[in-house]
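Subject: Structure handover

Hello,

Here is the structure I promised to pass on. Please open it beside this email, then read on for what was found in it.

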Amino acid sequence: MMHRRAFLGAGAACLLSGGAAAGQRSRPPDLHLEGREASWYRKLPDRRVECQLCPRACQVADQERGGCGVRENRRGLYYTLVHSLPCTVHLDPIEKKPFFHVLPGARALSWATAGCNVECKFCQNWEISQFRPEQVASFPMPPETLARQARQAGAPLLSATYSEPVVFWEYVRDTALAARALGVRTTVVSNGYIQEAPLKEVLPHLAAFKVDLKSFREAFYREVLRGELKPVLRALEVIRAAGVWLEIVVLLIPTLNDSEAEVRDLARWVKGHLGAEVPVHFTRFHPTYRLTNLPPTPLATLERAHDAARAEGLAYVYLGNLPGHPAENTLCPGCGEMLIRRAGFAVRENRLRRGACPACGRPIPGVWA
Amino acid sequence: MSPTFTRRDLARLAGLALPGALLARRARAATRARVGLAPLAGVELTPAAGRRALERALVAATGAASPLAALRTLFPATETVGIKLNCLAGRGMSPRPELVEALAALLREAGVGRERILVFERSARELRRAGFSPGEREHYRCLGIDNDYDAEPSTSGSIGSCFARLVSTTCTALISFGVVKDHDLAGVSAGAKNWYGVIHNPNKYHDGNCDPYLADLLRHPFLRQKVRLTILDGVTAQCHGGPAFRPDATWPLGVVAASTDLLAADAWAWRVMDGERQRRGMPTLAAAGRPPRWLATAQGYGLGEGDPARVEVVQG
């Protein structure tokens with residue numbers, strides 16, 4: 001019998017044309033993880049280290065791992081165990097990330113390793129994000145191979161996604177560099193829970209960044225995922241200031257983060273700190289992992305959030321996990337003209353002309369070519 | 001937040017573990033908060049000396065007439081007994097194979113069949129590093145959990161984890177076979193912290209000096225109902241630098257410890273580690289910023305005696 005997490009990993013390379021051979025996919029459960037020295041940490045006395053990648057700043061003793069489960073202290077040196085070791089690689093439409101203002105209809109070779117630096121009780125990908133690398137079926141794939149696979153598959157984009165790219169940040173950096181050399185652009189789908197220095201170091205190599213803003217309340221971050229809101233807001237500002245294309249996704253969970261007051265606070269902050277033209281996607285929650293006692297988000301809640309964010313002045317507000325809903329489409333904020341018509345992850349019509357509205361000529365921000 | 005369990009969890013417990021658990025609880029009730037100690041010195045350990053020490057510690061911990069009587073009460077012959085080792089630190093600071101062999105031999109003499117004695121650790125690799133040989137042995141089967149976890153997580157208070165199927169399904173009774181050592185975050189790694197090795201995501205639960213996470217793990221019925229005994233190899237102990245092996249922080253404690261209380265062996269270990277730290281002019285664990293607060297939390301849950309001052313030490 002195959003567990004779902006094994007199935008996820010096993011299915012990964014199958015979707016790649018000419019992808020990894022079957023023998024490369026599975027790791028024997030007892031295989032030693034070689035690892036390579038991490039880029040962001042400092043040494044402490046007694047062979048301890050402090051991770052300087054995410055705001056948790058784990059202080060890790062010899063032989064122990066950080067909270068992400070993928071970084072290990074070995075005799076005072078800190079190692080990432082997941083560099084070049086994805087557990088899943090898929091060709092996805094870029095709309096699935098979702099990016100709605102990045103090469104509409106393009107495919108992105110999407111990859112992930114095991115591990116995450118928070119523990120969202122509602123995680124949709126917990127079978128890889130909440131496991132250690134030795135617990136999921138992974139397969140070796142160096143950055144150059146990943147970039148080459150994207151190019152061979154005709155995908156103009158790579159996307160680090162599914163689990164949490166912050167925990168495999170060196171792999172993201174090296175892949176982005178390798179991809180750029182082949183004319184492939186790299187995007188990141190992340191919780192944004194990262195320290196400034198590693199974020200700033202990698203941003204110049206990225207084409208777009210999507211942040212899952214889990215809530216606009218510190219209490220939610222503390223209680224539901226054991227993270228912090230403040231560093232995520234700071235990361236959003238850093239990404240925006242760097243000029244990397246940014247989109248935000250907010251999963252609305254009934255009773256936990258779906259009040260109109262919270263949505264309005266969030267929208268006001270986005271407009272004030274990032275600008276009204278940053279797209280915000282409100283997406284529908286489905287019960288999973290440790291949050292199975294709540295129902296899926298009602299349609300009315302999502303539509304109320306959409307209307308509230310628009311009323312606060314955001315120009316591009318979308319609804320997700322609602323295939324066929326009109327709020328999947330991009331309209332010109334100037335004249336209301338239909339610009340991009342979508343159905344789920346499919347682009348049905350793209351009427352943009354050189355990144356502008358064909359009716360009124362208003363420039364629409366995004367990565368269009 | 002109270003623990004939540006799936007129907008499957010409850011069915012397993014009702015069908016497999018409760019009868020034995022009730023028997024063992026009755027046996028434990030008379031000896032709560034007791035730690036039995038037996039002297040055992042020397043780096044080179046003979047199997048006979050290990051067995052004698054283990055027998056004396058068992059009798060001291062339980063007050064039974066003999067070690068076999070103690071084991072028969074705790075582990076009826078129908079039980080499948082899992083012995084969880086703590087081998088993270090390799091040969092330098094892991095339970096000695098001779099002591100584990102002796103415990104398994106005693107269990108067999110007490111009536112538990114060889115096929116019902118499972119000695120395990122997180123991975124076969126860790127077992128080998130500590131000097132164990134995964135596979136069929138004379139008195140037991142030795143194996144790593146490796147990737148064999150439940151498909152769905154089970155929640156207990158602040159933790160939500162997939163348990164090793166050895167713990168959730170296969171074994172009806174459990175023994176923690178640990179060591180006496182310092183832990184950088186939990187303060188003490190003896191019998192209780194060893195159980196972090198049976199969940200898939202222990203790295204998520206080290207904040208706040210593992211409090212309340214470790215206490216919440218211990219009160220999950222898989223552990224609360226099944227753990228009957230803690231054995232600690234205290235021939236050599238380590239008062240600093242854990243959980244890895246740090247030779248310069250070890251000292252010859254020279255004992256084997258046993259307890260049927262889920263917490264008492266750890267409370268005792270805290271006391272002896274602080275004693276050694278003070279002898280060396282080092283701050284206590286509390287002064288060093290890592291008191292094992294989870295012991296008090298677990299005691300508050302009614303899991304056992306977590307106060308070092310209230311643990312009765314009985315010399316065997």
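Which residues lie nearest the centre of the largest cavity? They are Cys51(A), Cys54(A), Cys68(A), Arg71(A) and Asn117(A). Please keep in mind that this is a predicted model.

**Cavities**

The lining of the largest cavity has 13 residues. Nine of these lining residues are nonpolar, two are polar and two are charged. The space inside the largest cavity comes to about 100 Å³. A search of the whole structure turned up six cavities of 30 Å³ or more. As background, empty space shows up when a probe the size of a water molecule is rolled over the atoms.

**Aromatic pairs**

Over all chains, the count of aromatic pairs is twelve.

Why does Trp126(A) count as buried? Its relative accessibility is 1%, and the cut-off for buried is under 20%. Tyr289(A) has a relative accessible area of 7%, so Tyr289(A) is buried too.

Elsewhere, ring pairs join Trp111(A), Phe168(A) and Tyr171(A) into a cluster.

**Helix α8**

Helix α8 of chain A has twelve residues, 230–241. At 1.5 Å a residue, α8(A) should span 16 Å. The C-alpha atoms at its ends are 17 Å apart, which agrees.

Which residues of α8(A) are buried? Pro231(A), Val232(A), Leu233(A), Ala235(A), Leu236(A), Val238(A) and Ile239(A). In an α-helix there are 3.6 residues a turn, so residues three or four places apart point the same way.

What covers the buried residues of α8(A)? The cover includes three helices of chain A: α6 (196–202), α7 (218–225) and α9 (260–273). It also includes the strands β11 (208–212) and β12 (245–252) of chain A. After α8(A) comes Gly243(A), with a positive phi near 80°.

Best wishes

How values were computed
Residues numbered from 1 in each chain as written. Chains lettered and ligands numbered in written order. Predicted model: local features only at pLDDT ≥ 70, side-chain atom pairs only at ≥ 80, totals over all residues. Heavy atoms only, no water. Helix = DSSP H or I, 4+ residues; strand = E, 2+ residues; numbered from the N terminus. Expected span 1.5 Å × (residues − 1). Buried < 20%, exposed > 50% of the residue type's maximum accessible area, 1.4 Å probe, protein only. Contact = heavy atoms within 4.5 Å. 1 Å grid on protein atoms, 1.4 Å probe; cavity = no way out; pocket = protein on both sides within 12 Å on 5 of 7 lines; lining within 4 Å. Points joined across faces, edges and corners; volume = space filled by probe spheres on them. Nonpolar A, V, L, I, M, F, W, Y, C, P; charged D, E, K, R; others polar. Phe/Tyr/Trp six-rings, centres within 6.5 Å; stacked < 30°, edge-to-face > 60°.
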